[in-house]
Amino acid sequence: MRQILVIDDDPTFRRLVRSLLERGGYEVMEAEDGAEGFERLLAERPPIVVSDWAMPNMNGLEFVQKVRAAELDWYPYILVMTASGEQPGALDAGADDFINKLASRSSMTGKPYMVRLSDGETLEAGDYFRSLLHESKAR
């Protein structure tokens, strides 16, 4: 089973992401900020990290910089989520991609956004957002 580490300071959002990814067959680990995320990354070695950008203690930029500066013997794919749709410095810092976690409804009904992982596997972020929107409206 593929592992994904989800880092976000909002426990409700982490719970939603966990639920959606587990339905997709992923084993999900959680952390509430970049510092805890970095510890989990080293201990559990997930191949994929989905990290919020704006968090207390260690934000997404600091997390990405720390991961890329570390001498790891594997390459974790890092997808950064931003509420603003902007990712100042994310790709330059070493993130592999970014996505707007509050994507508009119109952008979610179009072609799914595909994140291509280093081993050729893909993660459909468009499906993720459509599911997130549906679940949040069902509440």
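Where in the protein is Asn 57 found? Asn 57 sits in the loop between E3 and helix H3, which spans residues 60-69. The structure described here is a predicted model.

**Overall layout**
- The protein has six helices and seven strands.
- Followed along the sequence, these elements come in the order β-α-β-α-β-α-β-α-β-α-β-β-α.
- Contacts between residues at least 6 apart in sequence can be sorted by their separation, and 57% of them join residues at least 24 apart.

**Burial and surface**
- The protein has 139 residues, of which 43% count as buried.

**Two residues with positive phi**
- Most residues other than glycine have a negative phi.
- Arg 45 is not a glycine, yet its phi is positive, at about 55 degrees.
- Arg 45 belongs to the loop that runs between helix H2 (34-44) and strand E3 (48-52).
- The relative accessible area of Arg 45 is 39%, so this residue is classed as partly exposed.
- Asn 57 is not a glycine either, and its phi is positive, at about 65 degrees.
- The relative accessible area of Asn 57 is 68%, so this residue is classed as exposed, the cut-off for that class being over 50%.

Technical notes:
Residues are numbered from 1 along each chain as its sequence is written. This is a predicted model: local features need pLDDT of at least 70, side-chain atom pairs count only at pLDDT 80 or more; totals for chains, interfaces and linings use all residues. Side-chain values use heavy atoms; hydrogens and water are left out. Helices (H or I, at least four residues) and strands (E, at least two) are DSSP runs, numbered from the N terminus. Buried means under 20% relative accessible area, exposed over 50%, partly exposed in between (1.4 Å probe, protein chains only). Contact means heavy atoms within 4.5 Å.
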